[in-house]
Amino acid sequence: MAPRAYWKGTLKLSLVSCPVALYPATTAAEKTRFHMINRETGNRLKQQMVDSETGDVVESDQKGRGYELRKGKSVEIEPEELEAVQIESNHTIDIESFVPSEEIDQRYLNHPYYIAPEGKAAVDAFAVIRDAMKDQDRVALAKIVLTNREHIIAIEPLGKGLLGTTLRFPYELRDEDQFFDDIRSPKISKDMVELAGHILHTKAAHFDPSKFKDEYETALKALVKRKATGKKIAMPEPEERPSNVVSLMDALKQSLKGRGGKKAAARSHARRATGRQRATRKTQRTTARHRKAG
């Protein structure tokens, strides 16, 4: 059974429009989740709202929303007041601009959604918009209202459909300077950088998420299964922490040695040398021909 659409509306590019549906591209359904229980009865616990000062349980009809102006002083906001500032959804994704994908800062990416045409009549217009983006290698930026809040959404082709990713607003990002300003700039020798580069070369690969393994999730499932069958859970021995590495250069050399890095480094040097030799010979032949022609 196909998942239910999270949002339905119209995708518009100027005068071209088509009905579309948004589906969450991620799910946490397979994650192992735990509930709080009463150890004596095994029954699940339910949470209650308690007044932070009096300790009294607050019933649902007494709950409200407030914004803390300062410690101990909040202004209450009524539900109808919130409704007055909420943005009404017109159920339209109106494309405003197209930008090169490499210009989108990865920190702005938030929640991904699959965008598919809604109904057979929408397929032609949907395909036109999708394929135009493919040809131009651009990402569309548009506005969309989800759960009463306006979002900017980046839209790009993905297979037969489109991938829409909501973007964070600038005020949601922390300034990197407050974390990076204190990082000193030590003098690193060229040899160290080259050794590190060789280690990178030995670990070169292609992005393949099928190789990602959530070992903690696997361990949780195994733990639950063993407990459910009454088996004893053995506590693992604490791992010894490795001693601090004294010499960075020794660590780099040891890393290379451990992964057959010397051979890889030698091959890398050989390829570079061969490339330089070929380039030199080509330049010499070209120069000789020019002289002969002159």
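## Second largest pocket

By class, three nonpolar, three polar and two charged residues make up the lining of the second largest pocket. Here Ala, Val, Leu, Ile, Met, Phe, Trp, Tyr, Cys and Pro count as nonpolar, Asp, Glu, Lys and Arg as charged, and the others, Gly among them, as polar. The lining consists of Leu 82, Val 85, Gln 86, Ile 87, Thr 147, Asn 148, Arg 149 and Glu 150. A pocket is an open set of points on a 1 Å grid over the protein atoms alone, where a 1.4 Å probe fits, with protein on both sides within 12 Å along at least five of seven lines; lining residues have an atom within 4 Å of a point. The volume of this pocket is about 220 Å³, taken as the space filled by probe spheres set on the points.

This is a predicted model, in which local features need pLDDT of at least 70, side-chain atom pairs count only at pLDDT 80 or more, and totals for chains, interfaces and linings use all residues. Residues are numbered from 1 along each chain as its sequence is written, and side-chain values use heavy atoms, with hydrogens and water left out.

## Largest pocket

The largest pocket holds about 530 Å³ of space. It is lined by 13 residues, and those closest to its centre are Asp 51, Ser 52, Gly 64, Gly 66 and Ser 74. Strand E3 (65-70) and strand E4 (73-77) are the elements that give two or more residues to this lining; strands (E, at least two residues) and helices (H or I, at least four) are DSSP runs, numbered from the N terminus. By class, the lining has three nonpolar, five polar and five charged residues.

## Helix H4

Helix H4 covers residues 190-202, and its end C-alpha atoms are 19 Å apart, which agrees with the 18 Å that its 13 residues should span at 1.5 Å a residue. The expected span is 1.5 Å times one less than the number of residues.

Met 192, Leu 195, His 198 and Ile 199 are buried in H4. They lie on the same side of H4, because they cover an arc of only 120° around the axis, where the arc is that of the directions from the helix axis to the C-beta atoms. On the other side, Lys 190, Val 193 and Leu 200 are exposed. Buried means under 20% relative accessible area, exposed over 50%, and partly exposed in between (1.4 Å probe, protein chains only).
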